[in-house]
Amino acid sequence: MKPLVSLVTPCYNAEAFIDRHLANVLAQTYRPIELILVDDGSCDGTLDRAESWRSRLEASGARLVLLAQDHRGQAAAINRGLPAVTGMYVSWPDCDDLMRPDNLSRKVDYLESHPEAGFVCCSVANVAEGALDEVTSVTRVADTTDPWLFDRLIRDSGAYCLDIAYLARSSALFSSLGGRRIYESPAGQNFQLLLPLAYHWPCGFIDEPLASYVARPGSHSHSFASYQQQVQRTRDFEALLHHVLDAMEMDPVDRERYGRYVDEKFLPRRFMLALGAGDRELVRESKAALRRARGTTVSLELAALASELGLGRAAYGARELLLRCRARAGRAVRRWAR
């Protein structure tokens, strides 16, 4: 008997693409699968559409578990699903992303042959809704010779919190979490799952795009458009990371070092958001925090002065134009080099 793989998938108003997700699970070459679908208070036909797939899934060796709760967000849906996991391996893919048919089989084979690894990560193709066969780019771990991802994940540098990329040993995940529950935050669920896992366990890598991240304009990650929402998003992530660090078993020196890093991590983003919105009060607050954390710089002082003179939006626009020009120049150089 092959080991059971559990998939914990939160869904909210997913009627438009739940059929695609379940067809994707059905197409997996690996069995047995336990699909734990958690409906997060949908007000459309998500649950009914999922139920209509039960006989086809179960005839193929994929067990379907449907759970439901009031609308409380993705992290709460994960908390609803984790206690139901019975598989040796576990993943938590979003229901709008895609797995290649050999996704689970390749990942299970890797973990079966690398018992030292607590989890495995694949590369991820980036596609757009409506053009699923057109890969715009591929997201890869920068250095696959180093199996320790914690530092790169928390710094968003050389690694990524894309749930569709990962498969973990259930024992490694639950021992790292200290149970089957994560901190519930409006900022999502991936950091709470991956950071404790990556701190305690080495990761293995499959440098092939065995999954696709589907960009949708109405998705959770694209739904923070207003200035206030974007600022609150940085505060939510800051609180989330502090909570994860506080709850983890980790070396006190690491806890202090990464705590200081999180204190500083979102300050530049808030400063620039406030500059672009003409929010002088938040510009002053962010500037003072940045000066305490990193000292003063000429660019910081000039941007703050522009804000005080009522020129914050113009300064922000000039910076964005410069960044776009540099990006275009870089792309042109790379094309020329090829």
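Predicted model: local features only at pLDDT ≥ 70, side-chain atom pairs only at ≥ 80, totals over all residues.
Residues are numbered from 1 along each chain as its sequence is written, and side-chain values use heavy atoms, with hydrogens and water left out.

A search of the whole structure finds one cavity of 30 Å³ or more, a cavity being a set of points, on a 1 Å grid over the protein atoms alone, where a 1.4 Å probe fits but cannot get out. At least two lining residues come from each of β6 (119-128) and β9 (203-215), strands being DSSP runs of E with at least two residues, numbered from the N terminus. By class, six of the lining residues are nonpolar, two polar and one charged (Ala, Val, Leu, Ile, Met, Phe, Trp, Tyr, Cys and Pro count as nonpolar, Asp, Glu, Lys and Arg as charged, and the others, Gly among them, as polar).

The second largest pocket, an open set with protein on both sides within 12 Å along at least five of seven lines, has a volume of about 310 Å³. Of its 13 lining residues, Phe271, Met272, Thr297, Ser299 and Leu300 lie nearest the centre. Helices (DSSP runs of H or I, at least four residues) contribute to this lining, with α11 (267-277), α12 (280-294), α13 (298-308) and α14 (312-337) each supplying at least two residues, and α11 giving the most, four. Eight nonpolar, three polar and two charged residues make up the pocket lining.

Terms used. 1 Å grid on protein atoms, 1.4 Å probe; cavity = no way out; pocket = protein on both sides within 12 Å on 5 of 7 lines; lining within 4 Å. Points joined across faces, edges and corners; volume = space filled by probe spheres on them.
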